[in-house]
Amino acid sequence: MVLGEENPVYSPFFGVMGAAAAIIFSALGAAYGTAKSGTGIAAMSVMRPELIMKSIIPVVMAGIIAIYGLVVAVLIAGALEEPEKYTLYKGFIHLGAGLAVGFSGLAAGFAIGIVGDAGVRGTAQQPRLFVGMILILIFAEVLGLYGLIVAIYLYTK
C-alpha cells in the first residue's frame, strides 16, 4: 500500500470475510440447534409419538437463526465493489457486522439446541413444562436477533 492511498486493493477482503462469517457462524449455530433438538425429539418420540409435531418448535427456531446470517451476508455481498470504490473503513464495518450476527447466531443456536433437547424430553414426561420451554427458547432466539440488529445498524454506517 502506498502512503496516502485511500482504498487499498485488499479492502474488499474484509467485506467478503464479513459476509462469510455471517452465514458460516449462523449456519453452524442453526445446525447445532437443529441436531441437538432433533436428537431430543427422536428420543422423546419413541415413548410419545403424538408429541412429535408439537416438539418441532425448537428446530424451527434454530432454522430462523440461519436466516439472520443469510440476510446480513446478502446485504454485505450486495454492497461489495471493486477495490477502487470500496474503502477500508467499509470493509471493516462489514466484517464487524458479519461477526456480530455470526457469533450471536452461534451462541443462540447452542442455547436453542440445549434447551430444545432437554425441553422436549421433559415435556414428554410433564406436559406443563411446555410453556416454560417456549419462554426459554424465545430468550435464546432473541440473542440471535440482537446480533442481527447490531449487524444491520453497523451495515448502515
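His 94 is buried, with a relative accessible area of 2%; buried means under 20% relative accessible area, exposed over 50% and partly exposed in between, for a 1.4 Å probe and protein chains only. This is a predicted model, in which local features need pLDDT of at least 70 and side-chain atom pairs count only at pLDDT 80 or more, whereas totals for chains, interfaces and linings use all residues. Residues are numbered from 1 along each chain as its sequence is written, and side-chain values use heavy atoms, with hydrogens and water left out.

His 94 belongs to helix α3. Leaving aside residues up to four places away in sequence, His 94 touches Gly 15, Gly 18, Ile 76, Ala 79, Tyr 86 and Tyr 155, where a contact requires heavy atoms within 4.5 Å. Tyr 89 also lies in helix α3, which comprises residues 88-125. In contrast to the buried His 94, Tyr 89 is exposed, with a relative accessible area of 53%. Tyr 89 and Lys 157 are 68 residues apart in sequence, and their C-alpha atoms are 9.9 Å apart in space.

The overall plan of the chain may now be considered. The protein chain has four helices and zero strands; helices (H or I, at least four residues) and strands (E, at least two) are DSSP runs numbered from the N terminus. Read from the N terminus on, the elements follow the order α-α-α-α. The radius of gyration of the protein chain is 19 Å, well over the 15 Å that the globule rule gives for 157 residues, so the chain is more spread out than a compact globule. This radius is taken over C-alpha atoms, and the globule rule is 2.2 Å times the number of residues to the power 0.38. Along the principal axes, the C-alpha atoms of the protein chain fill a box of roughly 70 × 20 × 20 Å.

Buried residues account for 40% of the 157 residues. The protein chain exposes about 8200 Å², of which carbon and sulfur atoms supply 76%. As for charge, the mean positions of the 8 positive and 8 negative charges are 20 Å apart.

In the model, residues 92-117 are 100% helix and 0% strand, with end C-alpha atoms 37 Å apart. Residues 129-155 are likewise 100% helix and 0% strand, and their end C-alpha atoms are 40 Å apart.

The unreviewed UniProt entry also gives the annotation "domain: V-ATPase proteolipid subunit C-like", covering residues 17-76 and 95-154. Residues 17-76 are 85% helix and 0% strand, and the end C-alpha atoms of this span are 10 Å apart. Residues 95-154 are 95% helix and 0% strand, with end C-alpha atoms 10 Å apart.

Within helix α2 stands Tyr 68. Is Tyr 68 buried or exposed? Tyr 68 is buried, with a relative accessible area of 13%. Not counting residues up to four places away in sequence, Tyr 68 touches Val 101, Glu 141, Gly 144, Leu 145 and Leu 148. By comparison, a separation of 20 Å lies between the C-alpha atoms of Tyr 68 and Ile 114, which are 46 residues apart along the chain.

The loops complete the account. Ile 52 is placed in the loop between α1 (11-47) and α2. Ile 52 is partly exposed, with a relative accessible area of 30%. Its contacts, again not counting residues up to four places away in sequence, are with Ile 41, Met 44 and Ser 45. Ile 52 and Lys 157 are 105 residues apart in sequence and 44 Å apart in space, C-alpha to C-alpha.

Glu 84 occupies the loop between α2 (57-79) and α3. Glu 84 is exposed, with a relative accessible area of 58%.

Conventions. Areas by Shrake-Rupley, 256 points an atom, 1.4 Å probe, with all protein chains shown as cover. Lys, Arg positive; Asp, Glu negative; His and termini not counted. Charge placed at Lys NZ, Arg CZ, Asp CG, Glu CD. UniProt positions renumbered as here; feature names shortened; annotations may be inferred.
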